[in-house]
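Open the model in your viewer and keep the selection tool at hand. This tour moves from stop to stop and says what to select at each.

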Amino acid sequence: MLLFTRYCYSVFTVYYSSKYDPTFKGPIYNRGCTDIVCCILFIICILGYVAVGILVMPLAWSQGDPRKVIYPTDSRGQFCGQAGTPLETKPLLFYFNIMKCASPMVLLEFQCPTTQMCVEKCPDKFLTLLKAYTNKEDFKYYKNFCKEGLEGLTVTQILSSGLCPAMLTPSKPFTRRCFPALDQKKGGEITVGNNSKFDDGEGNIRDAKDLVAGVKNATVVIEARQVVMKIFEDYTQSWYWILIGLVIAMLISLLFIVLLRFLAGIMVWVMIVMVILVIGYGIFHCSMEYVSLKSEAGSNVTLKDLGFQTDFSVYLHIRQTWLAFIIILAIVEVVIILLLIFLRNRILIAIALIKEASRAIGYVMSALFYPLFTFALLSIVIAYWAVTAVFLSTSNQPIYKVFNETACDHSRKICEPANFSTSSMKAECPDSKCLFAFYGGETVYHKYLIGLQFYNVFLFFWCANFVTALGQMTLAGAFASYYWAFVKPDDMPAFPIFSSLGRSLRYHTGSLAFGSLILSIIQIIRVLLEYIDHKLQGTQNKCTKFLLCCLKCCFWCLEKFIKFINRNAYIMVAIYGKNFCTSAKDAFFLLMRNMIRVAVLDKVTDFLLFLGKLLIVGLVVCFSPQTVVVGSYLIAHGFFSVYAMCVDTLFLCFCEDLERNDGSLARPYYMSASLHDILLEETEEPTQSSPHHINCQMTNTSS
């Protein structure tokens, strides 16, 4: 132990004596521009982004049509429910044969190979054309789902001409489209309209489960739309309560931060005890549910046999679900208790950091409102990207292709619906149809459209990450000026936030652009991997699937790591004014020299702040509509993101302070008395002559 301490002392003494400036007194004001090349590249790309909007947007605006996104499109390329058109009263899209949507071609062309038409409402009963044709009232109802020109035709002629569907099934409107009203009984049996079988209109009795394959690709969208509609309904009915709830969330967040400053220790331990009690109650509740399902029929079905279900309530009727909950909660409970036992001293340091962060925010109160500035900039970036993306993606022309059920040489060839009935394609393939396939084009603009869309997405990531990075560096500079002020607030700038923001934009735009560029490249690679995975669905083998899964996992981990490095690099840039790579290296090695503190304090403080967010959300939801959950969490996250940045900045300054100073009159600590006292309680300080000796002993003791 002694030899290790002496070795650390000699290494760090030599290393730091040549590295550190003894006159360092906090954030350097006399600094120069960093990462100029990346700054120029970023400005050029932004100018190019604006140029794309100026030069291309007029063409996109002239050919683009956002209605293609808002309204469903029938087989003729017409918009269902569009105001001012004959289809204004027909807002829903009806599929003649939904079972054909299970074709693999749907995954390649994103178009169901069956006739689609706009209808006023979805069918609500079982009916075949053969049966309806013999009853005047039924046939009148059936005509609502048929094309015009049925007079004088027989059933055979109607079906061969594709004027009517062979059958109708009870359906419900989802995302403005009519899908069969499928349901699942507790035994797992699939039904449609409370029937497990139906007549397909061609003399065959089929199972209701045959309809599942045609609609399964839309189930996720259906569930998402239901959530959005619920939020919209809540907003229109109780918007004033929602506004009041959001104001309450802001006030509670401010109150919570004030209380943390004076009662941080008590509040943290109370939250931890509450979490333990809640988890214990959860284990008890899950155990009771597990026992109660023992005698229920079908409850012993495994999760593997059940498969993925969009109705998550189905899983609550399976015993294996509750057993999984019990195991997970028990593991979490044990882990938390063990952390409390073995890391209680580190939790005290985390509490001291939280107290210090509260004091810092008290001196820099304007930091609490900085997220509003970040939110405004992100809103501009998102709005520009969204408008550009919508008009670029809808600036194509309608493309029609030949769809058929039998072998045909003209299958999937481009056709013209106006003269298709008299064309040679129709003559050679009598059962074929000319249906709307997708939006596209053959001009130079359309050929390079995918490149413009990619550029739009990439610049969106880059600009959004740049705005986030600017906020992090601005807050870091403000809080670092607080930490390194020996006499607070006399040694602090008059306006720390504005001073830090000015330095960041004037000197370190290149460093911000460099870090956000690296992160954007990784994010765009993740998007491409998701796109490839989506394109290969249904055709990939197990090896390809495994490889894609590994790549997505690796890049997800890499993105998290880069975000961590960038965050700490921006703090070092704000303090020292060095370039991004040097700051990232210094931050990385500083954190590695304090690895145990980083591993514990970072996660402990994040967890404690997360508990604070949940507490605020819970208090607000008790007196407000459920819609306020998302809004109140975002408000709490906005306040606590400032808090988290403050803690991270103070922690890096804390580590720097330990390595630079030794607490003597010549080199006093800049840390507060509370941090200093906890540090001395944790470590036994043999000398006052070397900060490196202290740091080695702390690292050795912690390990």
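A crossing is left-handed if the near helix is turned anticlockwise from the far one by less than a right angle, and right-handed if clockwise. Helices (H or I, at least four residues) and strands (E, at least two) are DSSP runs, numbered from the N terminus.

This is a predicted model, in which local features need pLDDT of at least 70, side-chain atom pairs count only at pLDDT 80 or more, and totals for chains, interfaces and linings use all residues. Residues are numbered from 1 along each chain as its sequence is written, and side-chain values use heavy atoms, with hydrogens and water left out.

**Whole chain**

Show everything. The chain holds 25 helices and 12 strands. Of its 703 residues, 45% count as buried. Buried means under 20% relative accessible area, exposed over 50%, and partly exposed in between (1.4 Å probe, protein chains only). Now consider contacts, meaning heavy atoms within 4.5 Å. Among those between residues at least 6 apart in sequence, 70% join residues at least 24 apart.

**H13 against H23**

Select residues 344–363 for helix H13 and 628–660 for helix H23. Two packed helices are described by the angle between their axes and the distance between the axes. Axes here are lines fitted to C-alpha atoms, for helices over the stretch in contact, and angles run from 0 to 180 degrees between N-to-C directions. H13 and H23 pack at about 110°, with axes 9 Å apart. The pair is therefore roughly perpendicular. The crossing of H13 and H23 is right-handed.

Show side chains next. On H13, pick Leu353, Ile354, Glu356, Ala357, Ser358, Ala360 and Ile361. They meet Tyr643, Cys646, Val647, Leu650 and Phe651 of H23. This contact divides into 10 nonpolar residues, 1 polar and 1 charged. Ala, Val, Leu, Ile, Met, Phe, Trp, Tyr, Cys and Pro count as nonpolar, Asp, Glu, Lys and Arg as charged, and the others, Gly among them, as polar.

**H17 against H20**

Move to H17 (residues 449–483) and H20 (residues 542–576). Their axes come within 8 Å and cross at roughly 50°. That makes H17 oblique to H20. H17 passes H20 in a right-handed crossing. H17 supplies Ala469, Gln472, Met473, Ala476, Gly477 and Ala480 to the contact, and H20 supplies Arg567, Tyr570, Ile571, Val573, Ala574 and Ile575. The tally for H17 with H20 is 9 nonpolar, 2 polar and 1 charged.

Is Ser583 buried or exposed? At 1% relative accessibility, Ser583 counts as buried. Ser583 sits in helix H21 (residues 580–593). Leaving aside neighbours within four places in sequence, Ser583 contacts Ala569, Met572, Val573 and Lys578.

Next, Leu619 in helix H22 (residues 595–621). At 39% relative accessibility, Leu619 counts as partly exposed. Select Ala249 too: 370 residues separate Ala249 from Leu619 along the chain, yet their C-alpha atoms are 8.3 Å apart.

Finish at Asp35, in the loop between helix H1 (2–17) and helix H2 (36–55). Asp35 is not a glycine, but its phi is positive, about 50°. At 17% relative accessibility, Asp35 counts as buried.

Technical notes. Parallel < 35°, antiparallel > 145°, perpendicular 65-115°, else oblique.
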